[in-house]
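Student: Could we go through this one together, starting with a single residue and then widening out?
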Amino acid sequence: MRKSLDFTTTFEFKDTAYQVRTAATGDMETLRRWKNANTAYFHHKEQITHEQQQAWFASLQKKSDEQMFVCEGPLGLVACVGFRGTARLELFNLICGDDSLYGTGFNSAFFSAVREKLAARGATTIFLEVLKTNTRAVAWYLKQGFQRVGEKGDAELLELALKA
């Protein structure tokens with residue numbers, strides 16, 4: 001089954017080409033390691049086992065309105081982002097797994113490429129919950145143009161209107 005958000009796109013960052021593509025089964029171990037290394041920044045705090053990751057991905061593949069994308073550079077996977085929805089998209093996961101890219105503007109370039117492709121495919125809004133204690137992420141999302149739209153427990157609710 002072809003998913004509504006299935007796509008591939010490319011972008012350049014500091015003279016290096018990167019490809020964003022739909023995640024595959026072979027990517028899951030890398031994504032699991034990244035998520036486990038960053039539990040402080042997510043609602044789900046427990047370590048994820050290999051089996052749990054595989055079961056989650058198998059479930060995701062059956063859903064027509066959920067998609068996980070990975071970003072690949074010359075040396076392999078460097079980031080991922082996941083969405084739920086069709087026009088109004090919930091961002092449920094954004095991780096830069098390559099520590100050498102932190103603070104360089106890479107995530108902004110990656111997110112911009114994804115955002116533009118999603119808007120061209122009919123997405124109108126991206127929204128998310130981000131932990132209030134993750135002040136670095138809150139500041140980054142605001143810099144990307146997200147607006148604060150509320151609070152939910154320990155999370156800020158942020159939203160971004162997309163332009164086609």
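Student: Is K14 buried or exposed?
Tutor: K14 counts as exposed, because its relative accessibility is 59%, where exposed means over 50% relative accessible area, buried under 20% and partly exposed in between, with a 1.4 Å probe and protein chains only. This is a predicted model, in which local features need pLDDT of at least 70, side-chain atom pairs count only at pLDDT 80 or more, and totals for chains, interfaces and linings use all residues. Residues are numbered from 1 along each chain as its sequence is written, and side-chain values use heavy atoms, with hydrogens and water left out.

Student: Where does K14 lie, and what is its phi?
Tutor: K14 lies in the loop between β1 and β2, and although K14 is not a glycine, its phi is positive, at about 50 degrees. Most residues other than glycine have a negative phi. Strands here are DSSP runs of E with at least two residues, helices are runs of H or I with at least four, and both are numbered from the N terminus.

Student: And what about D15, which phi does that one have?
Tutor: D15 has a positive phi of about 65 degrees, and D15 is not a glycine either; D15 is also placed in the loop between β1 and β2, and D15 counts as exposed because its relative accessibility is 76%.

Student: Changing topic, what is the strand order in the sheet?
Tutor: The order is β1-β2-β3-β4-β5-β6-β8-β7 in an open sheet of 8 strands with mixed pairing, where two strands pair if DSSP finds at least two bridges between them.

Student: Which strands stand at the edges?
Tutor: β1 (9-13) and β7 (147-152) do, each with a single partner strand, so one side of each has no neighbour in the sheet.

Student: How many bridges join β6 to β8?
Tutor: There are 7 bridges between β6 (residues 125-131) and β8 (residues 155-161), and the two strands run antiparallel; in β8, A155 is the bridge partner of L131.

Student: Which strands does helix α4 touch?
Tutor: Helix α4 (residues 135-143) packs on the sheet and touches β5, β6, β7 and β8, with contact meaning heavy atoms within 4.5 Å, and its direction makes about 160 degrees with that of β6. Axes are lines fitted to C-alpha atoms, for helices over the stretch in contact, and angles run from 0 to 180 degrees between N-to-C directions.

Student: Last one, how many helices and strands are in the chain?
Tutor: The chain has 4 helices and 8 strands, and along the sequence they follow the pattern β-β-α-α-β-β-β-α-β-α-β-β.
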